[in-house]
There are 2 protein chains.
Amino acid sequence: MSSGPGAAVLLSPVTGPPRPVDPREPMVRLEDQALTRGDGIFETLHVLDGTAYKFDAHHARLAASARTADLPAPPQDVCRAALALGLDAAGPGSHDPSRDLGAEHSVKLSVSRGVPGGEPWAWLTVSPVPPQTFEARQDGVSVLLLERGHDPAEDSGMPWLLPGVKTLSYAVNMAAVRHARANGAQDVVFTTSTDRRILEGATSSVVCARTSPGQPPTLVTPEPSRGILPGTSQARIFDAARRHGWGVDYGPLHPRDLLEADAVWLTSSVRLAVPVTRVDGHPVCSDPALTRTLTDFLLGRAGS
Amino acid sequence: MSSGPGAAVLLSPVTGPPRPVDPREPMVRLEDQALTRGDGIFETLHVLDGTAYKFDAHHARLAASARTADLPAPPQDVCRAALALGLDAAGPGSHDPSRDLGAEHSVKLSVSRGVPGGEPWAWLTVSPVPPQTFEARQDGVSVLLLERGHDPAEDSGMPWLLPGVKTLSYAVNMAAVRHARANGAQDVVFTTSTDRRILEGATSSVVCARTSPGQPPTLVTPEPSRGILPGTSQARIFDAARRHGWGVDYGPLHPRDLLEADAVWLTSSVRLAVPVTRVDGHPVCSDPALTRTLTDFLLGRAGS
């Protein structure tokens, strides 16, 4: 797996000041509620040549998660200061061998509720993007469709279920990826149990494209209001696609829509746009030129 | 809240040997997957005068959680050795002022997947039982009925959803308790959204009693096969009740069943049998003599 983070920064309290720490040293007490209850929130950011992409969108989603989960979010300027410290302390980043975009880091910013009776705190880790991510971008991934067992749309009016909150309680997401790997695939797309509607990946959004000769492509993603975590990468791709005159549309999407699409991706901050090559063993169309354009959309490199 | 654990013991690797550590010292790295993903499992045990109750049942459930979650469980003898070390290092325990059962400790045994690419590890913390637990046993708790947003029975055939696994990903359980407290109640009973069937508490099982003069009581709990975490306390109460010639029955239970019951409890290892006094603000019958008997069932103190 990874060789661990290159750098870490503590925010304790969450309002700072940020303090660089050695990521190989133990920092967390055994009764911390992020550890004992998965009780916290997080964001993962992509840094390219020292610039954090979609910083505002990530901070806005962290603040929204914090509100629903009754946690404080570190202020924007404190996050930026922590990020600068972390990047200073981190190694030089890694380069994608198939398309060198620059020096890449993955940054994870998390907030814990802290020890019982104590104060919430936050931390940030900076790691070089691992080789598996570069391989996934280039070779794509095969996915299994796995039922999530309930329709997350049902959660929408129930704040105690933390709808739309990116919590640290990811045990099921991780179990689903392990299940996929044990069954010959590499990743997961969750569906509802009732009508097998496409939801999202374990740690990504699902985007597919329909193309016709001489026409701009149309991108489709599941309805964002249906209890799915709002994807910052999906949103940025759609914004750029709109500016380029492409069609953008919202589901419902079903398994056959993925099989009949001209391209399907899992989109997420660090992996960017990863082509889906197979769904439950069935081949899915890829479009390397479109993948490159979506990547450019994400990196703000597409001319208009 | 609590003053923190009195003692802690590390199992790294999970096969031991157990090593006492200072619970006030940081022990966990910032990239540990229990911290970053809630990726681990746990059990909470009740210790009375140095004896861990239901040890075998807890270890069996930990082993079952470990199998489904693809984690190792520390062997029984290692857990017992860790428990003995933890109790040696812990303070003298606390005494319930309304009914002194002995010196009481709460013990939490957890397993983490560890850092990426590293080894799983486990830890055990020992704390005196807090005063709030004694108050809940004596005064009972008011509960809110909160929909869980899906029927966990749907999860049963889907191992990637970790059905029946007591994971560290408890963010929703904790959010539900906070929601109840913000709305004037003290605890939660989850229901299905579809038919408002009673499921379980946030960290407990639901048991209710029906009584008629001159007859042994009948205890009822929701069907254990419906995706609910199997309660070790509920199981022990039912075993003892059967031996005493009581009726024991399995739901479905609906909100009106709680309101019409002669007594309702939240049962869990350390809180034992906590009377439910109100459901969504409506008063519920209590039966202090039955509460005492259920407590005796749990502690193996009821003659037959």
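Select A:A8 and look across to β2(A): A:V21 stands opposite. The model is predicted; local features need pLDDT of at least 70, side-chain atom pairs count only at pLDDT 80 or more, and totals for chains, interfaces and linings use all residues. Residues are numbered from 1 along each chain as its sequence is written.

Now show strand β1, residues 7-11 of chain A. It runs antiparallel to β2(A), joined by 3 bridges. Strands here are DSSP runs (E, at least two residues), helices are H or I runs of at least four, and both are numbered from the N terminus. Strands pair if DSSP finds at least two bridges between them.

Widen to the open sheet of 6 antiparallel strands in chain A, ordered β2-β1-β6-β5-β3-β4. Its edge strands are β2 (19-21) and β4 (51-52), each pairing on one side only.

Next, colour chain A by domain: 7-129 is domain 1, 139-299 is domain 2. These bounds come from an automatic or database domain assignment. Their C-alpha centres lie 25 Å apart. The contact (heavy atoms within 4.5 Å) takes 26 residues from domain 1 and 23 residues from domain 2.

Go to the salt bridge (Lys or Arg side-chain nitrogen within 4 Å of an Asp or Glu carboxyl oxygen). Select A:D296 and A:R99: the closest N and O atoms are 2.5 Å apart.

Finish on the domain 1 side that touches domain 2. Elements giving two or more residues are α1 (33-37), β3 (40-48), α2 (55-69) and β5 (104-112) of chain A. β3(A) gives the most, with 8 residues.

Methods. Chains lettered and ligands numbered in written order. Heavy atoms only, no water.
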